[in-house]
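Reader: I have a chain to look at this afternoon. Please walk me through it, side chains first.

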Amino acid sequence: MEEESAVELLQRYRRDRRILLDFILSGSLIKKVVMPPGAVTLDDVDLDQVSVDYVLSCIKKGGMLELSEAIRDYHDQTGLPQMSNGGSAGEFFLVTNPEFSGSPPRRPAPPIPDTVSIPAPSAPLFAPSPVVSTVTRSESFDSTQVQELTVDDIEDFEDDDDLEEVNSVKISRRNPNDVGDLVLKLPPFATGIMDDDLRETAYEILLACAGSSGGLIVPSKEKKKDKRSKLMKKLGRSRNENIMAQSQHAPGLVGLLETMRVQMEISEAMDIRTRQGLLNALSGKVGKRMDTLLIPLELLSCISRTEFSDKKAYIRWQKRQLNMLAEGLVNHPAVGFGESGRKASEFRILLAKIEESEAFPPSTGEVQRTESLRALRDIVIPLAERPARGDLTGEVCHWADGYHLNVRLYEKLLLSVFDVLDEGKLTQEVEEILELLKSTWRVLGITETIHYTCYAWVLFRQYVITSEQGILRHAIDQLKKIPLKEQRGPQERLHLKSLHVRIDGEEGSRDVSFLHSFLSPIQKWAIKQLGDYHLNFAEGLVVMEDIVTVAMIVRRLLLEESDIAVQSSTVSDRDQIELYISSSVKNSFARILQAVDRSDTMGEHPLALLAEEVIKLLKKDSTMFMPILCRRHPHATIVSASLIHKLYGNKLKPFVDGAEHLTEDVVSVFPAADNLEQYILDLIKSACEGDNVEIHFRKLNPYQIESVSGTVVMRWINSQLGRIISWVERTLQQERWDPISPQQRHGSSIVEVYRIVEETVDQFFGIKVPMRLMELNALFRGIDNAFQIYAKHIVDNLASRDDLIPALPVLTRYRKEAGIKAFVKKELFDSRLPDQRRSIEINVLTTPTLCVQLNTLYYAISQLDKLEDSLWERWTRKRPQEKIYIRKSMDDTSKSSNQKGAFDGSRKDINAAIDRIREFTGNINFVFLKKQN
């Protein structure tokens, strides 16, 4: 795949080089151009053999240019590497002005293909061909200064008018995209023919088919008298002028063929030679159509060496014709040799003799060539004219309709529909060109299905190169026109079934059908792009929709192929969409993980930062990409959200399992993870239709954040409540029951108790982890218990009523039982001990002390209501609205039953303590009054 891409880039560089040289030589940059012997115009010169360095040197010197010397310099310097005699390896020299050179090339130089070897001075570049390589020193694979030459790079122009004209040219050069992944699943040709060879042969076939309708004429060689080339004229025109000029072509078939020649980059010299050769081949053949000729053989017979200005160009042309005969009649024949295997051997021997004839002296070589061509004609003409596909003998010459040579030739013809100046646009004559190409269907064996498939492939590949959406829309239209199997005729179905090749891949050698060869690369490319749509279509949603359409159409067409229908029949369109979502989400999640790992978290836990980035991914996914995918899969949003929930859950689970205490990491990660989960649940709920949201919720593995955080918070609450109780006991021990101030008549201990309670409450609501009502109730119970302990401690210091009222004297009893009872008591207890104890207690619990205690308890119960209301209000603000809505009935019930009764135990104990102090105070007053009386 990389090898074919490298070779393709090399061919593109060669064409650019020829165009550039044609532009330089046709303009006024050089005072005088001296043609080599045998050449009349530049069209007769093979620009591949002209040294660019020599031409630039002549331009700088301002002298005339002798093309024969430029050709000699090219051959002298071809095998030499690029070297600089001065300076170290770190130094380099610019031939051009860097200010006018533009930006550096964005595309790296192609790697060296396995089939390409670095040429020695006497060895050709490509092994299958004896033609000397056309790779110049500026295009050398070894060169470290890969640099395209532009008009602005040429300095010291002498003609100021031409300089201004060139500088006014505005050309929008596209940066072609990499199409290394978009290669036809077809094996290479055994003879080593390249794209340029196919393109030139395809044009020869087009001329022959046009000649069969009488539209072939030979133009004069003197028609190009202007020194500037047509390319320079086009470059100097605006877009509107270009459109007007295109409309002024010669009318009819003659003008259309001229357009095709320009579109296919065929030189005028080659065009004239081919036209003349075809006309000469048809002369004397009465009743013979030009498209029934065996074109390579006829051109070999009718075009001589003298019509070429350079011998090497002729050798290369002859080699191409011989290779085409070998590919069309032996390697990929529509009608094979059958039992005549011996003729195939003779055929190859004759081709070798024709090629070897160029090494002999002219007289000997011409005799051998003529005899070999005559013998070759006797073998191949009867073979090529045998009937096939229902035609009669001699009706069609079957030399270019063998698969896969025919589709490769037709592909080159279809490439002519693109504008030469803007590869992302179709030429204005596209409809006429397509109609003209139909005339080649008979020679190439093209059917309607083959045409639409090849045309769709050409358009789609051009879209990948140019990223022009209009081309993509045309490709979709052609894909839709490809008939399904049941829409094809029986003869076409049989014909397509016979079109298959054997290719070697990673899985071994296997047969590949025609549709699979052309459509599976498109499918593979589309799957690769959609498999990471977050990256590839971040700014091209309309393009993504079109690519999805391409993928679905191609998938439907390939499902009809027997070799993959069994494997893919169980995968529906929805399953395919889910595969795109799964692949892209995983790739995006992996990129986010890498970004988080490399970023500076600034004290924030990576899982918390990951959750924030995943939420951004979900928002982008749901607003940009899901509307497109939901048209083919209604639950695409649910699939994406569920997968993201799972991916983050896998990263979160080890952290959750290890969380035992309320640490900074727990406070950082748990809220972020809970927010992510809630956002995912919202997406799923909004995407669900009807009441089946619970079905999708049950498929999720919840993070259990509330459960784990509740356990952690409960541990914290228990430790804080123990601290509160110990603080209560210490403040009571230090309490002297003195009023705080004349205005605040309660004790200081209750103020300290409320202070520590409020601090604990503030800390509780300052914890940013998810909580349940269970944790709040635990806090309520702990605070309630602290106030109960406070009230109980106050009551425990009071004496009972029986201890305050003194016992009756024993001697006053007049009943016998009372006397006996008194006597017994007197024996068991000291009569003075109770009085002493009562005296001590009454002295301690004075009336002011009791009043302060009463005020303290009143203060405690009055502030308790405020504390409870504050707790519920802050809890309502802390809980998210969504959770309140989901658990509305449970929370409302709990609140209605607990909001006014959370501190009922404290209220009951405090009120009981107040009553006890009142009773105690009353008993004291009663005893004192009795004593006074």
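Author: Start with Lys-438, which is partly exposed at 43% relative accessibility (buried is under 20% relative accessible area, exposed over 50%, partly exposed in between, with a 1.4 Å probe and protein chains only). Bear in mind that this is a predicted model, where local features need pLDDT of at least 70, side-chain atom pairs count only at pLDDT 80 or more, and totals for chains, interfaces and linings use all residues. Residues are numbered from 1 along each chain as its sequence is written, and side-chain values use heavy atoms, without hydrogens or water.

Reader: OK. Which residue does Lys-438 form a salt bridge with?

Author: Glu-435, with the closest N and O atoms 3.8 Å apart. A salt bridge here is a side-chain nitrogen of Lys or Arg within 4 Å of a carboxyl oxygen of Asp or Glu.

Reader: How many salt bridges does that rule give?

Author: The count comes to 32. Arg-15, Asp-196, Arg-199 and Glu-265 are linked in a network of them.

Reader: Which residue does Asp-195 pair with?

Author: Asp-195 meets Lys-412 in a salt bridge, 3.4 Å from N to O.

Reader: Changing topic. At what angle do H8 and H15 pack?

Author: Helix H8 (residues 252-263) and helix H15 (residues 430-437) pack at about 95°, with their axes 11 Å apart. Axes are lines fitted to C-alpha atoms, for helices over the stretch in contact, and angles run from 0 to 180 degrees between N-to-C directions. The two helices are therefore roughly perpendicular (that label covers 65 to 115 degrees; under 35 is roughly parallel, over 145 roughly antiparallel, the rest oblique).

Reader: Which residues make the contact?

Author: H8 brings Leu-253, Leu-256, Leu-257 and Met-260, and H15 brings Glu-432, Ile-433, Leu-436 and Leu-437 (contact means heavy atoms within 4.5 Å).

Reader: What about Glu-545, where is that?

Author: In helix H22 (residues 541-559). Glu-545 is partly exposed, at 31% relative accessible area. Leaving out residues up to four places away in sequence, Glu-545 touches Ile-628 and Arg-631. The C-alpha atoms of Glu-545 and Ile-628 are 6.2 Å apart, although 83 residues separate the two along the chain.

Reader: How many residues are in the largest nonpolar core?

Author: 216 (a core is a set of buried Ala, Val, Leu, Ile, Met, Phe, Trp, Tyr and Cys residues joined through side-chain atoms within 4.5 Å). Among the members touching the most others are Leu-294, Phe-460 and Tyr-648. Helix H25 (residues 606-629) gives the largest share, 13 residues.

Reader: And the chain overall, how many helices and strands?

Author: There are 38 helices and four strands. Of the 933 residues, 47% are buried.
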